[in-house]
Structures are given as C-alpha cells and as structure tokens.
Amino acid sequence: MKRILILFAIAAGLVPQWASASEPLKVVTTIETLADLARRVGGEKVSVESLSHGYQDPHYVEAKPNLTISLHRADLLIRVGLDLEIGWLPILVTESRNDRIQPGQLGDLDTSTLVEVLDIPTTQLTRAMGDIHPKGNPHFWIPPVNAVRIAKGIAERLKQLRPEAKDYFEAQFAKFLSDIKGRAREWEAKAKPLAGMKVVTYHKSWTYVSKWLKLEEVSYVEIKPGIPPSPDHLLRLVALIKAEKVSALLMEDYYNKAIAQEVAGQTGAKLVPMPSDVGARPGVKTYFDLVDAILRNLDGVIR
Amino acid sequence: MHLQSKILALVSVACWHVAVFAQPMPANGGGAGQDRGVAARTGAGVATADAGMPVPTLTDQLDAAARRPIASAASAPDGGTLEPSLSDQLDAAAGKPVPATGAPPPAAAAAEGGSRFFQSLNPDISVILTGAAGYGQRAPLFLAGDDPDLKGGTSDHSAGITLQELEVAFQSIVDPYFRADVFLTIPNMSGLEIEEAFLTTTSLPAIQVKAGIFRSGFGRENGMHLHVQDFVQRPLINSYLGPDGLRPPGAQVSWLLPLPFFVQLTGEVFSVAAPDMLANFASPEPVSTFGGGRRTDLTYAGELKFFVPTSESLSVFGGLNVATGVTPGFAEGDTTLYQGARSMLYGADLYVKYKPPNQAVTYISLAWTSEYFLRTIGATGGNAGLTDGGFYTQLVLQIARRWFVGLRQDLLGWPSSEVQPLNSRTTLNLTFYPSEFSKLRGSVQYDALDSQASRVQQIAPSPVNSFAAYLQFEVAIGAHGAHKF
C-alpha cells in the first residue's frame, strides 16, 4: 500500500524531481538573446527555452498559463531584471509551484546584477515621467562587453548547479569568449565611422548601444517612456531633428512605425528599424547575427 | 575652440573627476580597461597642475562644467581619449568576478552603475481609486458590492457621483516558503472591508495552497478585482456567488497536472457567513446560494482549468466549476422557504483571445469571454426544488494602442425560476487608457425584465425596462502589479 502511495505521489508530481546528472538542465529565459547565450555556455548539458520571442515587446508579454508549465519544470530561470518583466513574470513564477526558481534561489539568475547598469535615476521619481524603470535601464544585453558578462554569469551559475560539469562549462565559456573576440576587430572597424552620429530613438532603450558605439542621442519619439507622443511634442521633435541635423531615427522592430515614419518623412532623418533581440527577424538567429544586423543597419545610414 | 584649449579642458575634466571621485572609487573599479584610460589621463593632469595637488583653476572647472553633457545617459563622443580595443574590453569583462549567487548586488557593483537604489523590505504598496458618475431611469435591481451605487430605488431615478472603490494592496514574499497578499477595500464609501488577505505557498512541489480570505477560482470573473474588469459593473450572474462574489475565509489546494499542457485542478473549502438580511420575495435582493445552515455546513468548490495555446496569436482558456453548500432560503410573507436546503452551483467558462504578439504589425486584439452558471436548490418542506441559471458573453476589441470597445450581453434567469425572473442587460462601452496606470471609461446599458414574472410584479419596478449611462475613471499609484491572463 505504502509503495503504491509513493508511486502515485511521484506520478502526480507531488515529489520534487531532482534532475539527474545525465539529464540536461532545463533553462528558461525571458528573452531570446539570453537563451542564445545560455545555449552557447551550456552546450549539450542544457535544454533552453525562451518565454518571449524576439519580435515581442518584452515589457508586455502575456502571462499565458502554458508559460507556467515551462517554469514549473525549470532548473534555472535567467531573466533581464530591473523590472523589465514586472508586468508578467512575477505572477508566472508564483504560479509555477517551483521553489528552485523563486527569487533569491540558486535557480533564479537576474542578469542585471552582472553588468554596469545605466540610467539609474538620481532624482526623486514620479510616474509623471512616464513608465520609468526605477532601478535603471534594462535594455543592456546588446553590447559585446555585456554579453560576455552575462555569459560568464550563466557559466558560473551552471557550475554551481552542476559542479561535476564545471570543466565543461568553463571550456564552453572560453569558446564563447574566443568566438566573440574573433569578431571584435571587425565590429570595431564597423563601429568606428558611427561614432558621433546624432540619433533620435523611439523608446529610451538604445542607451547601452549608443554608449558602446558613441552615438549621440538627441531626443526620443516617445514623449516619456511608455507614453505615445503628443502632436506638439512631435512638432518640437521635428524642429529639433532639423536644427541638430540628426541623421537617424532608431527604433525596435516591435514598435508601430507609423509615427516614426511621419517624423522621418518631415525631417529627412533616416528611419532605421532594428532588431533588439535574437529572433526579432527571421535572419537573426544568434547573438552574433543580432550585433551584425545592428551594425549593418547603422552602416546603411552613413553610406 | 583651438585644439590646445580643447586638450586643456579635457585634462581638467579628468582631473576634476579624479579629485571628486578619488574616495568612493570601488576596489575593483570599472574594469581594468577603464582604469587604464583614467590612469593615462591622470598622468597628463598631474604634469600640468601643481605637483601632487591637481586642483584645476575655476576657469577650467567652469569650462569643464560647460562641456559635460546634461544628464542624458547617451554619452557624448569624447574625441581623442585612449580607449582599449573591444577585444581587451571583452577580456576585462571575462576577468571580473561574478557577484555571489542569490545575494543582492554587492555595493561595489551598484556603485559602478552610478548610485545604489533604495533597498526596502516593506511590502509593495499600491492604491487604486475608482470613481463613477451616472444616471439610470431606476436603480438596478441589485448591485454587486463593488458596482457603482448611485442610490435611488426600484421606481426612482438613480443618479449621482460615487467613489466606486478605493483599494489598498500590500504584497510581499514572506520567506522562502510563503508569499502574502492583502487587499483592503472601501466600496461606495461604505466602510473598510477585507477584499482578500491570504498566504500562498511557493515551495510545495506541484501543489499550491492558499489560505485566508481570497476570491474563489470558481469561474473567471469572480477571481478578478474591479480594476481588471472590462465593464463598469460585474456580470449579473455574480449574484449567484454572493453579494460580493465568493470570497469568504477558506483554504484552497490547487494541483498542476504533470502534463505537457496546462491543466489545473483546484479544491476549495469556505466558511460562508449568513447574509445580513434574508432575501425577501417582495424585494429585489437575490436569494443567497450559500451561507445557510449551521456553522458546520461548509461550502465546497472544485474547478478544472485548462489552457490551449492554439497558436501564437490565439489562445483558449477554459474552466469547469462546481460548488455546493446550503442556502439560507428566503422570506415570503411570514414564512421562510428553502431554509437549509442543499444548493449546487455548476459553471463553465471560456476565454478566447486573439492578439498578435508583434505589435508592429497591429495593435488590434479581440477577447471573447463567456460564462454560464446553473443553480439548483433542493426540495424542502413540501416545496419542489428550484433550478435557475444565467450567463454573460462579452467581446472586448482593442481598436488602437490605448482604446478598447466592449460589448456585453447578460442574461440572468435562463432558465428562470420562481425566485429568479428573466433579466437581460446589454452594455456597450468605450475605454481609454492614457497610460498603464489610468483609465477612463464611458458606458451605456439597457436592462429588461420579464414583466409577467410573479416576483417582478411583487417588486413592481418602474420603469420595468430601464436605461443607464456611466462614466468611470480609475487610477493606480504605487507598485506596478502583474497582469493575469
């Protein structure tokens, strides 16, 4: 009788299943770039799934119950942090009934702790400033330095979860580092002529890319983060773009282009929709594709 | 500006930075690469300024202040500084240690970013304010607790302005085992109520336990707070669950079935309090389904919820529900009928949502929700059993990024019974969300009653069929909540 009860409990999922060492660790990420980095570092010892797609706005992912299932089975949750996912992730994590990935556990990796965070507010915030991120700007995963930091953080966490595969994860990370360094000279050459380019961005989400490539952000199409522009803000923006001779208007693929197109048309600035995550476009399948695509798009402005 | 003065200004910027930030510089700095850049500039600075004390002149400081960009995160390109190659920067990034697992970021890591954010272990606090104004040819026959109460009677205009609800929420993780959520509410300025106050387990495998006062998972609408509703008023079938829906003290166990898709089984037990006043056949209060009998007569509920991700854009979320308890009955003249009779409530709900995940393609989305309830009250004291039911079906169409149109049809008393006459309500509304934290809504509705039903004739509403219009505003301040699907 006792044995039957135990068998039933296991079948019902009432007994926690510790992943055996031979089975790949189940990694769930909130965005596809983190998934690609986790695959590179984890290699064959992980199976990776992303909760959102690159063509989605990561602020507004719907908390669909099937995502609960993915989180329920996860050994490691890798997220962006800084409240980027606050509108949908906390409720899924609570409902996942998975103590391994609850905040502060070994299976919860907040990648914002790994990088140098920008735009940390230094004055008193109010929501009159729009939907601001009080802990800093969360759109940090594109610059190569940050990708290396994130990959290293993932490698360290995987080592803690699977100490016996320590050497494997270290070798995988070393391979990633050598791969990305292999591209560094070429990226640098492409970045050089971009320095000093004046840009207007749609959302304040290109800060890290601008810092890396030394672009000068003159203004933003959104009057405030998350608030669509008013007509008089757009008039001022058009005047500003003309006065400052701004050459490009950058925006994520997932925003509606109608307003930005209008502004670009009135000013002569070039509208540059860009992928901001792996999976944003059919051709952007890896982190390397993502950086290549961004540099290629920006290169198109100066040509 | 001449090249010379440009260099001088740059050097003075470097010196000024070093002077100001000399003390709080974190031990492991901003990465080896950055340190090298600073060192190079410092060297030049010391050479031009007085030995050992690199204090720039006021003129230089003013120049430096003028050159520094205004608090924009985008760093202006600074020509001419020595910068390590990307490859070196990557090596430096790979060499820096990673902060400890699970720990908050160490002070040094936070300092690198410029400032530390304020750490507090207080619960997340938010306040939601819902105001409504409206006019009705007569008051609705009955109101859910958080429907806007514009007073008036069943044969009297209902009009005015009300604070429909004030909700205060405190939410936090308790420890590695529990989280706690408390929602206090004042509906229609009537006094403080506990809308919900419960703990949830976070560390049990597969099952989750909730205990305290919480909204039952029976159906779809009952679990929702006012601010996530798509209409000014709750659906009419809400009355089957109680005046404020089903949210008495109780406990819930829910089990996520070990399947590759979402199926959740929930069992609940509640201690439903007896109604303040027994429903009367000659007045419009709905007959309570639960809350009768002795204190040992508990109310039990069970729900099965399933989710079908048909495609990226189309989702189907459904539920089958059953609840059983004891009805307190109702008064007819001097006698109380159906007192202590077993009551059963069956429900089925379906939520179909079409929303393309890529907003660059379109903002248009469509959500269709339908719920059906069927209630039976057992035969007692020579009276035959009662069976009645009702449903609502609603469409909410997102027509632009911040605009939604809603249409709902309510039908209560389908089938009808002696105590539940046929009552239809058609509602059309338009909602505008200035931001995620505010909303404005206009709504018109038409109520129709079966004038032949004996209970309607007893209550004698005037007019029998009535028109009403509402304006509603809602604002949320404080912590940013997550949205359920």
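How far apart do the C-alpha centres of domain 1 of chain A and domain 2 of chain A lie? They lie 25 Å apart. This is a predicted model, in which local features need pLDDT of at least 70 and side-chain atom pairs count only at pLDDT 80 or more, while totals for chains, interfaces and linings use all residues. Residues are numbered from 1 along each chain as its sequence is written, and chains are lettered from A and ligands numbered from 1 in the order in which they are written.

Domain 1 of chain A covers 21–182 and domain 2 covers 186–302, bounds that come from an automatic or database domain assignment. Their contact takes 24 residues from domain 1 and 25 residues from domain 2; two residues are in contact if their C-beta atoms, placed from the backbone, lie within 7 Å.

Chain A also touches chain B, through 78 residues of chain A and 59 residues of chain B. On the chain A side, α5(A) (144–161) gives the most, with nine residues. Helices (H or I, at least four residues) and strands (E, at least two) are DSSP runs, numbered from the N terminus.

α5(A) packs against helix α4 (residues 86–95) of chain B at an angle of about 25°, with their axes 9 Å apart. Axes are lines fitted to C-alpha atoms, for helices over the stretch in contact, and angles run from 0 to 180 degrees between N-to-C directions. α5(A) is therefore roughly parallel to α4(B), a term for angles under 35 degrees. The contact includes A:V148 and A:K152 of α5(A), and B:L90 and B:A93 of α4(B).

Methods:
Angles under 35 degrees count as roughly parallel, over 145 as roughly antiparallel, 65 to 115 as roughly perpendicular and the rest as oblique.
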